[in-house]
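Here is a short briefing to read alongside the model. It takes up a surface feature and then some backbone angles.

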Amino acid sequence: MGKVRELGFDESNESFDMEIHSLIVHEDVNLGGNIMVAVVNLERAVKPSTRIGGCFLQGHVDGTGEIVSMEVEGDSLWIKAKMSPEILNFIMAKGFIAGDGTSLTVVDMLDEKEYFKFLLVEYTQQKVVIPLKKIGLKVNLEMDILGKYVERLLGNGFVECIESP
């Protein structure tokens, strides 16, 4: 996480600047590099030479969800969220989604797939913004880009194209 130090328009009054202090995220970021910014969750862009786990994100908001319940179980926090209709096709149980810039695993789909549940372990709760939110608040959601590509290929007739002689 980072702390917003300054927020406002630049000297020309044409651009908006945000200065964020973070001890870890800036270590190997170069000028022009990408940093995904949510409320104040920060995540560096992945290097192609590194081991990759979790979801593939770009830092774009695809839709929103609404927190409908938060239940403590031991040192974990179960969160149930209602999702907006435009992202229903991209979410599945045991799949990935990002909530406010945090990579999450969807544990279960509920109530005709309008809701999904995820779990935050104690360590994650201390490092991200979502546990600070209250029931009824919105969460920005981003789908895994691999799912977006599959959806686009299927929608453009890719399967029919490779099946026909």
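I162 counts as exposed because its relative accessibility is 57%, and exposed means over 50%. This is a predicted model, so please read the values below as computed from it, with cut-offs on pLDDT for local features. I162 sits in helix 3 and is one of the residues that make a nonpolar surface patch.

**The nonpolar patch**

- Along with I162, the patch is made by V150, L153, L154, F158 and V159.
- Together these side chains give a nonpolar surface patch of about 530 Å².
- Which elements give two or more residues to the nonpolar patch? They are helix 2, spanning 145-155, and helix 3, spanning 158-163.

**Positive phi at K94**

- K94 is not a glycine, yet it has a positive phi of about 70°.
- You will find K94 in the loop between strand 6 (76-83) and strand 7 (96-99).
- Is K94 buried or exposed? With 61% relative accessibility, K94 counts as exposed, since the cut-off for that class is over 50%.

**Positive phi at D100**

- D100 also has a positive phi, of about 50°, although it is not a glycine.
- The loop between strand 7 and strand 8 (102-105) is where D100 is placed.
- D100 counts as buried because its relative accessibility is 1%, and buried means under 20%.

**Side by side**

- K94 counts as exposed, whereas D100 counts as buried.

Conventions
Residues are numbered from 1 along each chain as its sequence is written. This is a predicted model: local features need pLDDT of at least 70, side-chain atom pairs count only at pLDDT 80 or more; totals for chains, interfaces and linings use all residues. Side-chain values use heavy atoms; hydrogens and water are left out. Patches are made of residues with over 30% relative accessible area and no salt bridge: like charges are joined within 9 Å, nonpolar side chains (Val, Leu, Ile, Met, Phe, Trp, Tyr) within 5 Å. Accessible areas come from the Shrake-Rupley method with a 1.4 Å probe; for residues, only the protein chains shown count as cover. A salt bridge is a side-chain nitrogen of Lys or Arg within 4 Å of a carboxyl oxygen of Asp or Glu. Helices (H or I, at least four residues) and strands (E, at least two) are DSSP runs, numbered from the N terminus. Buried means under 20% relative accessible area, exposed over 50%, partly exposed in between (1.4 Å probe, protein chains only).
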